[in-house]
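Trainee: I would like to go through the side-chain interactions in this model with you. Could we begin with the charged pairs and then turn to the rings?
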Amino acid sequence: MPDEGRAAWFCRKAGDLKQGMYVLAVSILKNEADVEDAMQNALMQAYQHLDELRIFDKFRPWLFKILTNECYHILRERRYDEDIDEITLTCPRLDADSETKMYLWETIQSLPEDYRTVIVLFYYEDMRISDIAQVLGASADTIKKRLSRAREKLRGLLDKEDFV
């Protein structure tokens with residue numbers, strides 16, 4: 001860990017990833033209260049287990065893995081089953097004035113969870129395949145296949161609406 005101290009280092013690194021954490025949690029949970037709970041719990045767990053992180057350059061995928069696990073825990077715990085039309089959350093990273101970007105974000109949100117998550121991590125968070133594999137606990141080949149299928153499904157949805 002750098003010389004600045006454990007708490008300061010953690011706060012700085014976690015603060016830099018806050019928006020990305022939010023986007024990932026929204027893509028899985030689709031509920032503002034659950035997103036906030038997942039982020040808070042993930043940050044607490046990460047700080048409590050910071051000593052277990054061996055390679056500090058891997059903080060981002062490590063934290064995203066903790067967040068993903070927490071999101072899935074919330075889904076299992078609450079037996080979440082809401083229709084996408086009932087909940088509309090906007091992605092904070094997108095320009096709210098851009099109708100095209102909002103339509104794309106909404107279309108991504110309509111994808112099945114596995115596809116939605118890889119799309120968000122790859123395109124919105126600029127994560128490498130290997131890091132996504134680590135976050136989701138899958139092999140790199142599985143992530144490549146899932147990303148390819150997600151692109152195909154997304155392309156099909158966008159073609160149906162004459163988007164492309």
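Mentor: A salt bridge here is a side-chain nitrogen of Lys or Arg within 4 Å of a carboxyl oxygen of Asp or Glu. Please keep in mind that this is a predicted model.

Trainee: By this rule, what does the count of salt bridges come to?
Mentor: The count is four salt bridges.

Trainee: Which residue forms a salt bridge with Asp 51?
Mentor: Arg 6 does, and the closest N and O atoms are 2.7 Å apart. The pair links distant parts of the chain, since Asp 51 is in the loop between α2 and α3 while Arg 6 is in helix α1, 45 residues apart.

Trainee: Is Asp 51 buried or exposed?
Mentor: Asp 51 counts as exposed, because its relative accessibility is 55% and the cut-off for exposed is over 50%. Arg 6 is partly exposed, with a relative accessible area of 26%.

Trainee: And where does Arg 6 lie relative to Tyr 47?
Mentor: Arg 6 lies over the face of Tyr 47, at 4.7 Å from the ring centre. A further case is Arg 60, which lies over the face of Phe 64 at 5.7 Å from the ring centre.

Trainee: Back to the charges. Which residues are linked in a network of salt bridges?
Mentor: The network links Lys 58, Arg 128 and Asp 131. Between Asp 131 and Lys 58, the closest N and O atoms are 3.4 Å apart. That pair also links distant parts of the chain: Asp 131 belongs to helix α6 (residues 129–136) and Lys 58 to the loop between α2 and α3, 73 residues apart. Arg 128 forms a salt bridge with Asp 131 as well, with the closest N and O atoms 3.7 Å apart.

Trainee: Is Asp 131 buried or exposed?
Mentor: Asp 131 is buried, with a relative accessible area of 10%. Lys 58, by its relative accessibility of 28%, counts as partly exposed.

Trainee: Now the rings. How many aromatic pairs does a search of the whole structure find?
Mentor: The search finds seven aromatic pairs. One of them joins Trp 9 and Phe 56, whose ring centres are 5.3 Å apart and whose planes are at 80°, so the pair is edge-to-face. Trp 9 is in helix α1 (residues 6–29) and Phe 56 in the loop between α2 (32–48) and α3 (59–78), 47 residues apart.

Trainee: How do Trp 9 and Phe 56 count in terms of accessibility?
Mentor: Trp 9 counts as buried at 3% relative accessibility, whereas Phe 56 counts as partly exposed at 24%.

Trainee: And what is the arrangement of Phe 10 and Phe 59?
Mentor: Their ring centres are 5.8 Å apart and their planes are at 90°, so this pair is edge-to-face. Phe 10 lies in helix α1 and Phe 59 in helix α3, so the pair ties together parts 49 residues apart in sequence. Phe 10 is buried, with a relative accessible area of 6%, and Phe 59 counts as buried at 1%.

Trainee: Which residues form one aromatic cluster?
Mentor: Trp 9, Phe 10, Tyr 47, Phe 56, Phe 59 and Trp 62 form it.

Trainee: Finally, the overall picture. How many helices and strands are there in the protein chain?
Mentor: There are seven helices and zero strands. Of the 164 residues of the chain, 41% count as buried. Among contacts between residues at least 6 apart in sequence, 71% join residues at least 24 apart. The chain exposes about 9400 Å², of which carbon and sulfur atoms supply 46%.

Note on methods: Residues numbered from 1 in each chain as written. Predicted model: local features only at pLDDT ≥ 70, side-chain atom pairs only at ≥ 80, totals over all residues. Heavy atoms only, no water. Phe/Tyr/Trp six-rings, centres within 6.5 Å; stacked < 30°, edge-to-face > 60°. Helix = DSSP H or I, 4+ residues; strand = E, 2+ residues; numbered from the N terminus. Buried < 20%, exposed > 50% of the residue type's maximum accessible area, 1.4 Å probe, protein only. Lys NZ or Arg CZ within 6 Å of the ring centre and 35° of its normal. Contact = heavy atoms within 4.5 Å. Areas by Shrake-Rupley, 256 points an atom, 1.4 Å probe, with all protein chains shown as cover.
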